[in-house]
Amino acid sequence: MTAYISGLYGGMLIGLSAAMLMLANGRVAGVSGIVGRLLQGVQTAIGAAFIAGLVVGPIVFRLLFGEWPEVQLAASLPVVVIGGFLVGYGSRVGRAARAATASSDSPVFLGAPWQPSPPS
Amino acid sequence: MSTSAGFRVAVALVSGSIFGLGLAISGMLNPARVRGFLDIARDWDPTLAFVLGGAAAVSAIGMSMARWMRKPLLDERFHLPETQLIDRRLILGSAIFGAGWGMVGLCPGPAVASLSLGVPKTILFLGAMFAGMAAYDHRLGVGPWRQAIVASIASGGAVCFSLGLLGGGGSILAVPLLLYVVGVSNTHVAIGTSALERACGIRASRAGRERVVAVRHRLRRSRNIGCTRCLVGREGRRWRNFALPVRPRDGRRRSDHAASESRPRRGTRSMRERAG
């Protein structure tokens, strides 16, 4: 049960982080997107700062709770390599749509009206 | 402007570390936890659902606030994904992503965050993930990925057909096909890819070949017949012709038959007879 509670708290922190980044910088806290853009050399300063913070996160955990977070990785090395490749590749395939359409400055949103328009 | 840029970087840093701390507290840095959630067959661990719930609840508040703002606090406009359309490409990408995620139990966030823990396997995972991203970005280009995939499958089929028909024409076809049909721009990449494919293909087919030889070995040893693997018959004589002898029709024991100097027939046919 404590695992569920800490999961909930951890999740709320993740949500807080995402909300913070959206409200202050207007950016989505998607790690694969940020890493992908870093690899392409786009938007480096903010992305690098976010990634650096992400790496610092477990160190903050260590300072607060006095131990490192637990990591058990049962998968064998080839599985790790194949899985990592699939995750990276899949994240790019899913994002190709936006790279292909990223030409105009005023993107068209389907569904939610994100454009500054008076709420009705 | 520069102060605002500095603030943006600072916010990103703080936001990232809160993200990482949240991942650590929630236990999501632990791939075993994540796989416990994804693997519903064995004793299921619903922690990930709580993490998702908490994250979605808090970020939903933030998102609804953002919806009422004309621009973010520190920037000129919101930088959102240009499309929110769920299309086939997104589903395909998510499926590939999910396959890797399920195999290892790591996704980009925890993989990056656990860099500070220095676990070799997660570092390896990150490297493979970068390779996957780079492979997509550089080899296929971003635009005509579908044609490229179709062209690669067609070229692969042509290479396999030629190999099956002639026993040759693998790499000699693969390089020009990669260059002109698939559209790899760099010759060296094409040569390297073809060499890599050859290495993997040979390694893979060698496993099948070894299994065949092992089965034949056990079959022949159990019947006291000489074998290509050990090259020695039951009597210690070197087996010359690598083939099974004719099925004895006159009731002699096979070992006797094998010992005689009669010329054996080709292996496959007599093996088929033996099985039938």
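Start with chain A and read along its sequence: the pattern is α-α-α-α. That comes to four helices and zero strands, where helices are DSSP runs of H or I with at least four residues, strands are E runs of at least two, and numbering goes from the N terminus. Keep in mind that this is a predicted model, with local features needing pLDDT of at least 70, side-chain atom pairs counting only at pLDDT 80 or more, and totals for chains, interfaces and linings using all residues. Residues are numbered from 1 along each chain as its sequence is written, while chains are lettered from A and ligands numbered from 1 in the order in which they are written.

Colour chain A by burial next: 48% of its 120 residues count as buried (20 or more other C-beta atoms within 10 Å of the residue's own, with C-beta atoms placed from the backbone).

Now select residues 31-40 and 44-65 of chain A, helices α2(A) and α3(A): their axes come within 9 Å and cross at roughly 130° (axes are lines fitted to C-alpha atoms over the stretch in contact, with angles from 0 to 180 degrees between N-to-C directions). Show the contact residues: α2(A) brings Val31(A), Ile34(A), Val35(A), Arg37(A) and Leu38(A), and α3(A) brings Thr44(A), Gly47(A), Ala48(A), Phe50(A), Ile51(A) and Leu54(A) (C-beta atoms, placed from the backbone, within 7 Å).

Hop over to chain B and pick α3(B), residues 47-67. Its 21 residues should span 30 Å at 1.5 Å a residue, and the end C-alpha atoms are 30 Å apart, which agrees (the expected span is 1.5 Å times one less than the number of residues). Finish by highlighting the buried residues of α3(B): Thr47(B), Phe50(B), Val51(B), Gly54(B), Ala55(B), Val58(B) and Ser59(B).

Technical notes: Buried ≥ 20, exposed ≤ 12 C-beta atoms within 10 Å, placed from the backbone. Contact = placed C-beta atoms within 7 Å.
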